Each structure stands twice: as C-alpha cells, then as structure tokens.
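Subject: Structure handover

Hello,

Here is the structure you will be working with. My notes on what was found in it follow below.

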Amino acid sequence: MVETRLPILTTSIMLFALGFLGRIALHDYHNFETIMVSVFLASMLLPASVAMTVTLSMIVLSDMYLGYFGASKIIIFTYTGFLIVSMITSGFQHIIRGEFKPGTVYKFTASGLIFATIYDTWTNFGVFWLSYAHTPENLVLVYILGLPFMIYHLLSSIITFTVLGFPIYCALSSKANDPQILNQRKELEI
Amino acid sequence: MSEVRNVIIAVLIVNSLAIGGILYEIGYFDEDESDISTIVTAKLVIKFKNLGENDTLTFESITTSESTAYGILLGGQTQGSYSVTATTHYEFGLFVESIAGWGTCGNCQDEDGFYWLYSVNDNDGGVAANRKVIRDGDVVEWNYTDEY
C-alpha cells in the first residue's frame, strides 16, 4: 500500500536526495550514513518496486560518484544487503508504521538496530567469503574484527532513524483518517 | 501538545543513549586522551611473509608526529625508501593496500590471499591503523600475510 501523501515521483526524488547527498556529505564518517534510513523510508512510503529502484539508484550512483563502483566484489554484498533491508521493510511496514507518537519513535529505533544488524551481518559474511580462507575460525574472526564498526553503525542508525527517519516519515506519510486519502481509497474500492 | 512533548522526550532519550555510546566508542571518556598528534618514537618491522623469513625490513627507531600504527608506517618511508598506498574500505575505514610494491596498488605485485595487517607489541590492532594510537617504545609490525 502506498503511504506517501505526496506524488510517488516527488517522494522518490526526495528520498533519493537524502540517501545520495547524505552519503556523500558524510563520506568521511565511516558507518554514519543516510542510505539505510532512505531505503527504510522508501520501503515504508512507496510501492516495493519503486522502493527497490530508489534503493539501487542511490547506492549505484553514489558509488560511481565516490569511485567505489566496480572497485571490489564486496559491492555484491552491500547492494544485496540494502535490497534485503528494503524487502524486509516492505514486508513488515504494516507493523512498523505509526503516528506521531513516542511508540513510533521506539519502533523506528528498533528498526534501525535490527536493519543495521542484518546489513552488517550480511556484509561481514561477504568480507569473509571474498577475502578469507573459508574456515569456521576465520568466519568467527571476521565477525569479531567487525564488532567495533558494527557497534558504531548500530548507534549511528539510532540517530539517523529517529532524527531523520521519524520526522520525515511523519511529514510524508498519509493519515488513516485523512478525508482526501479516504476518498481516494473509496474510489479505488469502487 | 503533550504528544509533541512526549515525542521530543522519546527522541532525546534514544539519541542521548546513542550519542553517549558513540562518544564511549571513540574514547571520549578515556582519561588518557587518544591524541594522535603527539610525537612518538617506536620500532617498525615490515615482514613480507610471502617471500620468507629473511625478507623483513626492521627500523629500530622511527619518529613520527602522527602517533598511530599508520603514522609510523608513513614515517618510515624516507628512511626505508618504500612507498605506501591506502584506500578507504567500505566498512573498516582506512585499509593499507600496498607497502614497498607488494599489495593491490596499480603497479604492485599481488600475492593471492595476502593482505597487509598490523600488530602493536604482538597484539592485533582491532581497529583501522590510523585510529590505533601508539606510544614511545612500542613495536609496530606490518605483515604481508595470508594468516589472519
């Protein structure tokens, strides 16, 4: 279900700009990025197919701008990592969504923690798969070495999801009792 | 209005915890402040494990004004007549690509499965080399190795 109160294209462009420009602006601050929250918002507010398009375009284009594109096979894992986040968000958005209430802030906090964990677990597995001999010891080692970065990413995700994600979601999402939305839904049902 | 206040309080609570955690992570509360701009003198060892035990560069005393494992490596370039290239890794921060022509730089000789890893006083770094603070008398070892 589409949740945005603005046209889909406008919302897509805004979320693309948040992810793309935020990533470039925060490039020097590792594990502090706006791509994850943009992916999350796109999946909360837009149809799944459009959300995936926004997700891929902001990662690919920012990678091209920063010179990462094609530089390493790890992008297979980073790209799929964001797509996994996008798919899970689309699947569970009916549970995550909420109104302008403290409960929604906590839901967004939990979402940031969960999605950063999923993403880092997947991409760390990619580091193991691409760079290390495939032994259980090395797998454990990669996750241990990645822990400091993962903790930082988790904490920064809390900030981006609550300071950026929550207000943007509240500003862009349609209200269930909005007469205009209700009319649109009635028209669709008819 | 009270809902707005409650939301603001909720945002402040979770962000205070997150910011506190980040400051703790970066060592803001450490008493011995992690100043990486002090001048230190340390021993630097560069081992090319792909070439055997004899191919090791050892510098008993390198002085650098960037007191990190990466700083001491850069500080030894003139004395050791070698060059260093590094890149910013997606997740792990600074990542040394090559030292003295071995590694993954454009014109380097690259040994499959070998990477540059460092240790300080025989302890694995655990963080990006440009964030690992070293002190006078430390032994910093850079290994081109396939043993992780």
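Of the 148 residues in chain B, 38% count as buried, where buried means under 20% relative accessible area, exposed means over 50%, and partly exposed is in between (1.4 Å probe, protein chains only). This is a predicted model, in which local features need pLDDT of at least 70 and side-chain atom pairs count only at pLDDT 80 or more, while totals for chains, interfaces and linings use all residues. Residues are numbered from 1 along each chain as its sequence is written, chains are lettered from A and ligands numbered from 1 in the order in which they are written, and side-chain values use heavy atoms, with hydrogens and water left out.

Chain B

Chain B has three helices and eight strands. Helices (H or I, at least four residues) and strands (E, at least two) are DSSP runs, numbered from the N terminus. Read from the N terminus, the order of elements in chain B is α-β-β-α-α-β-β-β-β-β-β. Among the contacts in chain B with a separation of 6 or more, 53% are between residues 24 or more positions apart; a contact means heavy atoms within 4.5 Å.

Six of the seven residues of E8(B) are buried, so the strand is mostly covered by the cut-off of under 20%. Two strands pair if DSSP finds at least two bridges between them. E8(B) runs parallel to strand E1 (residues 40-48) of chain B, with six bridges joining the two. One bridge partner pair here is Ile46(B) and Trp142(B), the latter in E8(B). E8(B) also pairs with strand E6 (residues 115-120) of chain B, over six bridges and in the antiparallel sense. In that pairing, Val120(B) has Val140(B) of E8(B) as its bridge partner.

Two residues of chain B have a backbone angle to check. Ser81(B) has a positive phi of about 50° although it is not a glycine. Ser81(B) is in the loop between helix H3 (77-80) and strand E3 (84-89) of chain B, and counts as exposed at 67% relative accessibility. Ala100(B), also not a glycine, has a positive phi near 50°. Ala100(B) is in the loop between strand E4 (93-99) and strand E5 (102-103) of chain B, and is partly exposed, with a relative accessible area of 32%.

Salt bridges

How many salt bridges does a search of the whole structure find? Over all chains, the search finds three, a salt bridge being a side-chain nitrogen of Lys or Arg within 4 Å of a carboxyl oxygen of Asp or Glu.

- Arg23(A) and Asp63(A) meet through their side chains at 2.9 Å, N to O. Arg23(A) is in helix H1 (residues 8-25) of chain A and Asp63(A) in helix H3 (residues 48-66) of chain A, 40 residues apart. Both residues are buried.
- Glu60(B) and Lys43(B) form a salt bridge at 3.6 Å, N to O. Glu60(B) is in strand E2 (residues 56-64) of chain B and Lys43(B) in strand E1 of chain B, 17 residues apart. Glu60(B) is exposed at 57%, and Lys43(B) is partly exposed at 26%.
- Lys47(B) and Glu141(B) form a salt bridge in which the closest N and O atoms are 3.5 Å apart. Lys47(B) lies in strand E1 and Glu141(B) in strand E8 of chain B, so the pair ties together parts that are 94 residues apart in sequence. Lys47(B) is partly exposed at 22%, whereas Glu141(B) is buried at 14%.

The interface

In the interface, 38 residues of chain A are in contact with 25 residues of chain B. The area buried between the two chains is about 2700 Å², of which carbon and sulfur atoms give 70%. Buried area is the accessible area (1.4 Å probe) that two parts lose on being put together, summed over both. In chain A, the residues that lose the most area to chain B are Phe100(A), Phe149(A) and Leu155(A), together 20% of what that side buries.

The count of salt bridges between chain A and chain B is zero.

Regards
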